Amino acid sequence: MMYRAEIDGLRALAVLPVILFHAGFELFGGGFVGVDIFFVISGYLITTILIDDLEKNRFSLSHFYERRARRILPALYLVSIFMAILAWTTFDLQTLRKFGNAIIGVGTFLSNVVFWRAEGYFDESAELNPLLHTWSLAVEEQYYLVFPIFLFLAWRLGKNITFWMIVIFAILSLSLSEWGWRNSPTANFYLAPSRMWELLAGSICAFIIQKYGVRPNNLFSLFGLLAIIFSIFVYDKSTPFPSLYGLVPVLGVVLLVLFANKTTLIGRLLSNKVLVGIGLVSYAAYLWHQPLLAYTRLYYGEIDLNFFTISVILIATGLLSYLTWRYIETPFRDKLFLKRYQIFSISIFALASLIFLGFLARFTTDNYEDILAGELASSDAIYFQNMDERKFIFSRLSRELKPVKIVLIGSSRIMSVDPLIFNEPSLNLSVSGASIEDDIAFSAEAIAQLQPDRLIIGADPWLLNRYDKQDRWMTIENLYSFWIKAINENKKIKYGNFSYFSTNNVANDKPSRLYHFYKKINIRGNLKPINSEVEAIAKKTYSGHHIYDHNYANKTEDVIRSEFDEVLNYAMSSYEHDQGAEDKLIAFITWAQQNNIKVSFLLSPYHPDLYKRLAKEKPVFLYIEKIFRMLAAKYDLEILGSYDPIRIGCAKNEFYDGMHPKEECMTKAIGLTKE
């Protein structure tokens, strides 16, 4: 196909906003649309090549996949291996496990599926994932696997029918994305069916240009550029995406592809040497920038990097991108460098080695939470990072625990409650984003084993919300299923004789050989506090008290305020009352009371300034608190605290952020008894 310099310039326009967005520049809040620009370009170029091959009767899947392998895999493998070395030598165990899952995704072309199941693209933890950006490569790779076969089969029906089939599929995919952001936003963002319309938009361009050629038009190409610029600077992470909003940047690219060439003003702008140069190394730049940013953030334990550090990373990205393009990409794209069978052989080995490294990381970290639980069984506290809290609590309950009088259960909003404030033995079993299933599974097992007199349940608003259902409890599904069955059967507790772990094997906390190998080569060493007063990382005491790390515990008021929008929508972007969850909660409370347990609801307060916004913008929070108070009155439960911090007497400086009170505030909340 004829080379179009403006397409390389368009690649530069795609990669630069993505990099600056990931670097944290707020001005480029919609920089993520750079990925969508890449999708349209890829669809256009690939379809152009395939149409040409089909019309000249030289279509070959093996030839097509050879070209894709030469283009994509060498640089991707280089970056992945580089990050694997850093992961094994510097990552903590849980981050290594996440990396293992990610690199398996890279090796199987399923990164988008892995990240869909793991986290949202705009979550804070996503900024610490070195391979997060490979989700878009997976979407393209899936397109490369399916589209050539479809085009080959559809071509027999005629070019015109094939074109309209593509148009119909694009409309269906766009419609799916519009439905998806409302009903399953994470899947909508990552998965190919709701992204395919962007690639197919490029395919449609290929058919049009193949028939009519590029029709130079200064006005249309200007509109195309302005549409892209508008989306980069106006959109942000709150913009539903992909959706009809995606039409703005996608149609902008379509206008540039169809109407911009060197005879147009915009075409000449995109064809200048600087943009073309950036476009040539754009693939390598896209590959390198996220690992460098994520690793630096992981190393320093900071999401927001200073300008000097970001500048160094951007310079390093540029240098590595050029070297990768010059000495890796360019040679491998030369058909004289390696023959087809050699390319396929190397590609299979490379992908298999990535999958092997991923499973190796998973096997190494499999019993990380068990090891931590074992350490805490014989010590007063442990230090950790990125722990799977549910697996950890599960492992703790599998071991013998000291008798307690009070059990606390709930989300991270009550993690800071030190059970020692009750002046009697207590245990805090809270986990982040706790659902009613988490609460039932952990507290029922604790009741069966420890014979407490009192159970305090963190009454978070999302416990009763069907819309943003928390599903992390699925990792302890067996424990939950055991106890919900016992509760529904009104099983009476015979202490010491009936519990999940009385009939199931305990967790294994014996470190594996791989774990010992990891400890030897990991240069970061053991996790330690900065000093006796300030924690470098999170700490968990034997009583379950969670002590936040230094950075989290010392957020400025400005940072806290900047997070209000995100906190306001955490698991509560919309509300639909979950009667099923309420029924489970009532059944559990009734069962606990029948087993002589006093049950209390603990309403953790929100930051004073955020609460004012809740009352004004989302009064549903006040409605939910009213529901909890009505339930408490009906079932004779004690109410502790309130979502309203003024009612309790909590000051602004008594919060870690908008929704996590510090211990001094929670002490006041627990002191507020039922009126």
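A salt bridge is taken here as a side-chain nitrogen of Lys or Arg within 4 Å of a carboxyl oxygen of Asp or Glu. The model is predicted, so local features need pLDDT of at least 70 and side-chain atom pairs count only at pLDDT 80 or more, while totals for chains, interfaces and linings use all residues. Residues are numbered from 1 along each chain as its sequence is written, and side-chain values use heavy atoms, with hydrogens and water left out.

The structure holds 31 salt bridges. One of them joins Arg454 to Glu638, with the closest N and O atoms 2.8 Å apart. This pair links distant parts of the chain. Arg454 lies in strand E4 (residues 454-458) and Glu638 in strand E8 (residues 638-641), 184 residues apart. Strands (E, at least two residues) and helices (H or I, at least four) are DSSP runs, numbered from the N terminus. Both partners are buried. Buried means under 20% relative accessible area, exposed over 50%, and partly exposed in between (1.4 Å probe, protein chains only).

A second bridge pairs Glu625 with Arg629, the closest N and O atoms being 3.1 Å apart. Both residues lie in helix H27 (residues 620-634), four residues apart, about one turn of the helix. Glu625 has 7% relative accessibility and therefore counts as buried. Arg629, at 24%, counts as partly exposed.

Arg58 bridges to Asp52, with the closest N and O atoms 2.5 Å apart. Arg58 is partly exposed, with a relative accessible area of 44%. Asp52 is also partly exposed, at 26%. A network of salt bridges links Asp52, Asp53, Lys56, Arg58 and Arg67.

Arg297 sits in helix H14 (residues 282-300). Arg297 is buried yet has no salt bridge. The nearest side chain of opposite charge, Glu127, is 4.3 Å away. For charge, Lys and Arg count as positive and Asp and Glu as negative; His and the chain ends are not counted. The Arg297 side chain reaches the backbone oxygen of Ala23 at 3.4 Å. Beyond its neighbours within four places in sequence, Arg297 is in contact (heavy atoms within 4.5 Å) with residues including His22, Gly24, Leu128 and Ile303.

The largest nonpolar core has 189 residues. Such a core is a set of buried Ala, Val, Leu, Ile, Met, Phe, Trp, Tyr and Cys residues joined through side-chain atoms within 4.5 Å. Trp483, Phe601 and Phe628 touch the most other members. Apart from this core lies another, of 15 residues, among them Leu408, Ile414, Leu640 and Cys650.

Terms used
Polar contact = N/O pair within 3.5 Å; in protein donor to acceptor, adjacent residues only side chain to side chain.
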